[in-house]
Amino acid sequence: MPDRRADLTVPIRVLAAPPRPTRSATTLTTRAVLAGVIVALISVLVTALVAVPLAARAAEQAAREGLAAQTEVVAQVLRTRRAVNADARLMEQLRKIDDGADAYLITAGQPDRPGLPDRLVARIAGGEAVSERLAMVGGRLSMVEGRVLGNGDGVVLARPAATGITRQVLRNLWLPLLAGLGAGVLAGVLLGRRLARPIRNAATAAARLSSGDRTVRLAAEPPEEVERLAQSINELAEALAVSEGRQREFLLSISHELRTPLTTIRGYAEALSDGVVGADGAQGVGQTVLAEAERLDRLVADLLSLARLDAADFAIQPADVELVSLVRAAERAFAPRAERAGVSLRAEVPAHEVWTHTDPVRLRQIVDGLVENALRVLPAGCPLVLAVHPLPDRTAVEVRDGGPGLTDDDLAVAFQRGALHQRYQGIRQTGSGLGLALAAGLARRLGGTIEAGHAAEGGARFTVYLPRTPS
C-alpha cells in the first residue's frame, strides 16, 4: 500500500482578503497632520492673545517713559533759563518739533495757551508733578507729563494716546506667527508619518501572517507601545509556526495510528478472501480484526471528543458522585487485564465515603484513560495504584505507577497532543498521544484541574482535582 503520509505535511495556506481601500481622512497620517495643524493654530491664537496685549502695553509704557524723560529734560533746561522771553522762545521751538508732543508753559499758575484741564494746571501751580496715562488735552486723549519749575511755574508735555498700537504690533508679529503655524503643520506631517510607519508595517505583517507566511518578523523600535506591538506580532508568528508544526506532527502520528489497525484488518480480510485462512483459523482472525476495529473505534472517539471539548453542546451531566465507589469499580474493571499483564493493581481509598459534584461518566473516562496509558507502558511486576485523597477544599483522584515515568521536561508538555508520543515513538510503547490531552480537557470541562508529577512508586503520577461536596 503506498505511503501517503507526505501528503499530510503540505501546509494549507489561507489567502487573505484584499485590504479595504481606506479613505484618506481616516488614515493615521492625515489625522496626525490635522492634529498638528489644530495645535499650531491654537498655539498661534494663544500666542497672539497673550503677546499682542503685552507688546501693546510695553510700547505704551515705552512711549510714556520717553515722554517723561523728555519732560524732565525740558524742565531742567527751563530751570537754568529763567528769563521769560527765553522760556517763550524755547517753548515755541518745542512746538515746532514734529514728534507728536504738545508743550504748555505755566507761569504764575496760568498756562501760556488754552487746552490744559484746570485740575492739571492747579496741581502744577501747587508744586505737584503730574504723570497721567490718559487725560483730555486740547480735545484729545493724551498722555500727560508735567514738572514743577517753582513759584507756581511749570511745564507740561502732552502726546496723543496711541490708538493703533495693537494693529501695529500685529503687523510686526504676523510673520513669526505664520512661521509658527507652518512649523506646526510640518511637525504634524513628520509626526504622523513617523507614527504611522510602524503601524503600517504591523498591518502588512498581519496580512502576511493571515496568508500563511510564518517567517515574517518586525524590528522592535521605540516608542514603547510600538515596540510592544512588534514584539506581540513576532510572538504571534512564532506561536503560529509552533502550533502548525505540532499540528502537522500530530496529523502524521494520527495517520500512523489509523494506518496500523487498518493495515492489519486489510491484511486479514485479503487472507480470508483469498482462502489463505482455513475454517480452523477463522475465529482467531475474527478476534484480531475485532480487537483492531475496537482500537480504531477508541481512537476515533478520542478524536471526536477532543474536537468537541470546547463546543457548547459537549455533554456534561453533573451529579453527586461517591468517589470511593467509582475508584473501586475501576479497580474491578481493570483487574483481569492487569493480572494478564503481571501488573499489581490496587486501590488506596479512605474508609469513609468521599463525595463530589461532577459527571461520573466523564470522570470515569478520565480514570480509564489514565489506567490504560499506564498498562500500556508498565512492565510485569510493577505497581499501579488508584487513590482518592480528600483535601480541605477539594478532592484528589490519583493514578500512580511504578513504570519508566516522566522527566521534568516531559511533565511540562505531558498534556499537549502528541508531545509524548513524538518523544518516545520507537523508544518505548506509546499510544496515539491523545489520551492525556483528552483527560486534561475533560478535567477542565468538569470544573477541575489535572496535574502530572513523579510517583512515590518510581513512575508517573496523574492527579485530578475536583471540588469537594460534603456527604
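Predicted model: local features only at pLDDT ≥ 70, side-chain atom pairs only at ≥ 80, totals over all residues.
A residue is called buried here when its relative accessible area is under 20%.

## Confidence

The mean pLDDT of the protein chain is 78, and 79% of the residues score at least 70. Among the elements of the chain, the lowest mean pLDDT belongs to helix H2 (residues 84-96), at 62, and the highest to strand E9, at 95. Residues 1-24 have a pLDDT below 50; in the model this stretch makes 24 contacts beyond near neighbours in sequence.

Helix H11 spans residues 435-445, and it is largely enclosed by the rest of the structure because eight of its eleven residues are buried. These buried residues are Leu436, Ala437, Leu438, Ala439, Ala440, Gly441, Leu442 and Ala443. Just after the helix, Gly447 adopts a positive phi of about 85°.

In soluble globular proteins, nonpolar side chains tend to be buried together. In this model, the largest nonpolar core holds 44 residues, and Ile366, Leu370, Val371 and Leu384 have the most contacts inside it. At least two residues of this core come from each of helix H7 (323-341), strand E7 (344-348), helix H8 (360-377), strand E9 (383-390), strand E10 (394-401), H11, strand E11 (449-454) and strand E12 (460-469). Leaving out residues up to four places away in sequence, Leu370 touches Val399, Leu436, Ala439, Ile450, Phe462 and Val464. Apart from this core lies another, of twelve residues, which include Leu116, Ile124, Val130 and Val144.

Thr358 belongs to strand E8 (residues 355-358). Its relative accessibility is 2%, so Thr358 counts as buried. With neighbours within four places in sequence set aside, Thr358 is in contact with Gln317, Pro318, Ala319, Val321, Leu363, Leu446 and Leu466.

## Salt bridges

The model contains 17 salt bridges. Three of them are listed in the table, with the distance between nitrogen and oxygen.

| Pair | N to O distance |
|---|---|
| Arg346 and Glu457 | 3.8 Å |
| Glu348 and Arg400 | 3.1 Å |
| Arg461 and Glu451 | 3.2 Å |

The salt bridge of Arg346 with Glu457 has its closest N and O atoms 3.8 Å apart. This pair links distant parts of the chain, since Arg346 is in strand E7 and Glu457 is in the loop between E11 and E12, 111 residues apart. Both partners are partly exposed: Arg346 has a relative accessibility of 33%, and Glu457 has a relative accessible area of 22%.

Between Glu348 and Arg400, the side chains meet at 3.1 Å, N to O. Glu348 counts as partly exposed, at 28% relative accessibility, whereas Arg400 counts as buried, at 8%.

The salt bridge of Arg461 with Glu451 has its closest N and O atoms 3.2 Å apart. Arg461 lies in strand E12 and Glu451 in strand E11, so the pair ties together parts that are ten residues apart in sequence. With a relative accessible area of 16%, Arg461 is buried, while Glu451 is partly exposed at 34% relative accessibility.

## The five-stranded sheet

Five strands form an open sheet in the order E2-E1-E5-E4-E3, and their pairing is antiparallel. Strand E2 (110-111) and strand E3 (130-137) stand at the edges with a single partner strand each, so one side of each is left without a neighbour in the sheet. E3 is joined to strand E4 (residues 140-150) by six bridges, and the two run antiparallel. Within this pairing, Ser131 has Glu145 of E4 as its bridge partner.

Helix H3 (residues 118-125) packs on the sheet, where it touches strand E1 (102-107), E2, E3, E4 and strand E5 (153-160). The direction of H3 makes about 150° with that of E3.

Notes: Residues numbered from 1 in each chain as written. Heavy atoms only, no water. Buried < 20%, exposed > 50% of the residue type's maximum accessible area, 1.4 Å probe, protein only. Helix = DSSP H or I, 4+ residues; strand = E, 2+ residues; numbered from the N terminus. Core = buried A, V, L, I, M, F, W, Y, C linked by side-chain atoms within 4.5 Å. Contact = heavy atoms within 4.5 Å. Salt bridge = Lys/Arg side-chain N within 4 Å of Asp/Glu carboxyl O. Pairing = 2+ DSSP bridges. Axes fitted to C-alpha atoms, helices over the stretch in contact; angles between N-to-C directions. pLDDT = per-residue confidence, 0-100.
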